[in-house]
Amino acid sequence: IDFLEIRLDAITRLEMRKKWPLPVLATARDPREGGQNNISLQERQQLLTAALSWANIIDIELASAKEFSPIITMARKQQLEVILSYHNFQITPSLNELKALVSHAVQSGATILKVATMTNSEQELERLLEFQQLSHPLPVATMGMGSLGKISRLRLAAAGSALVYGWLYEPLTMMPASTQWSAHELAERIK
């Protein structure tokens with residue numbers, strides 16, 4: 001395990017540590033992108049601004065990059081990694097639509113693009129694999145959700161995905177456990 005993801009939208013009244021056992025990725029998800037507790041844009045902005053003092057990486061929804069532009073600028077000035085994420089809980093978009101995400105992420109200040117899409121068919125997984133293997137101007141992390149979610153994490157890691165996610169204590173409640181690996185099991189399988 002290389003880093004911990006702290007889901008600021010999923011926790012309440014937690015006092016943030018100044019030191020963590022691993023580097024920390026902080027995110028505060030919009031409810032439309034899997035966020036919990038229905039926190040507002042302003043609350044997410046406040047949480048991520050505060051996280052700049054202790055996180056190593058911040059993760060912001062690509063669709064909200066404009067609203068988070070000042071935070072992205074501050075993070076880049078502090079030499080933090082900035083992941084801009086795209087989630088699609090319905091389908092895996094066309095290859096051209098996926099390619100357009102890269103341009104949008106670069107223009108919005110990303111240092112890494114994360115793409116997580118529904119993969120309920122082999123064709124959708126193959127499309128993600130094809131996208132991952134293209135040459136991109138920044139690191140790209142791809143992952144599938146849905147019935148092929150588990151196998152997508154392994155196949156996309158082998159294809160060069162910049163990041164691979166697994167859960168530590170319990171899987172996200174919004175996705176069935178059958179679509180996700182535990183971080184420990186994922187690490188063993190990738191080895």
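This report walks through the sheet, the helix packing and a salt bridge in a predicted model.

## The sheet

Let's begin with the strands. How many strands does the open sheet have, and in which order do they come? There are six, arranged as β1-β2-β3-β4-β5-β6, and their pairing is parallel. At the edges sit β1 (4-7) and β6 (140-145), each of which pairs on one side only. As you go from one strand to the next, the sheet twists by an average of 25 degrees.

Strand β5 (residues 112-118) runs parallel to β6, and six bridges join the two. To find your place in this pair, look for T117, which stands opposite G144 in β6.

## A helix across two strands

Helix α4 (residues 122-132) lies across both β5 and β6. Its direction makes an angle of about 175 degrees with β6.

## α4 and its partner α3

Helix α4 also packs against other helices. One of them is α3 (residues 95-107): the axes of α3 and α4 are 10 Å apart and meet at an angle of about 40 degrees. That angle makes α3 oblique to α4. The crossing of these helices is right-handed.

Which residues of α3 and α4 meet? From α3 come L95, L98, K99 and V102, while α4 brings R127, L128, E130 and F131. Sorted by class, the residues in this contact of α3 with α4 are five nonpolar and three charged, with no polar ones.

## α4 and its partner α5

Helix α4 packs with α5 too, at an angle of about 25 degrees and with 10 Å between the axes. Why do α4 and α5 count as roughly parallel? The cut-off for that description is an angle under 35 degrees, and the angle here is about 25 degrees, so α4 is roughly parallel to α5. Here again, α4 passes α5 in a right-handed crossing.

On the α4 side, the contact uses E122, L125, E126, L128, L129 and Q132. On the α5 side, you will find I151, S152, R155 and L156. The contact of α4 with α5 includes five nonpolar, two polar and three charged residues. Notice L128 of α4: this residue is listed in the contact with α3, and it is listed in the contact with α5.

## On to α6

Follow α5 (residues 149-158) and you come to helix α6 (residues 183-190), with the two axes 11 Å apart and at an angle of about 45 degrees. This makes α5 oblique to α6. The crossing of α5 and α6 is right-handed.

The residues in contact are R153, L154 and A157 from α5, together with L186, R189 and I190 from α6. Four residues in this contact of α5 with α6 are nonpolar and two are charged, and none are polar.

## A salt bridge between a strand and a helix

Finally, let's look at charges. Side chains of opposite charge can pair when their charged atoms come close. The structure holds nine salt bridges. One of them joins the side chains of E61 and R44, with an N to O distance of 3.1 Å.

Where in the chain do E61 and R44 lie? E61 belongs to strand β3 (residues 57-61), and R44 belongs to helix α1 (residues 41-51). The two residues are 17 residues apart, and their pair links distant parts of the chain.

Definitions and conventions
Residues are numbered from 1 along each chain as its sequence is written. This is a predicted model: local features need pLDDT of at least 70, side-chain atom pairs count only at pLDDT 80 or more; totals for chains, interfaces and linings use all residues. Side-chain values use heavy atoms; hydrogens and water are left out. Axes are lines fitted to C-alpha atoms, for helices over the stretch in contact, and angles run from 0 to 180 degrees between N-to-C directions. Helices (H or I, at least four residues) and strands (E, at least two) are DSSP runs, numbered from the N terminus. Angles under 35 degrees count as roughly parallel, over 145 as roughly antiparallel, 65 to 115 as roughly perpendicular and the rest as oblique. A crossing is left-handed if the near helix is turned anticlockwise from the far one by less than a right angle, and right-handed if clockwise. Contact means heavy atoms within 4.5 Å. Ala, Val, Leu, Ile, Met, Phe, Trp, Tyr, Cys and Pro count as nonpolar, Asp, Glu, Lys and Arg as charged, and the others, Gly among them, as polar. Two strands pair if DSSP finds at least two bridges between them. A salt bridge is a side-chain nitrogen of Lys or Arg within 4 Å of a carboxyl oxygen of Asp or Glu.
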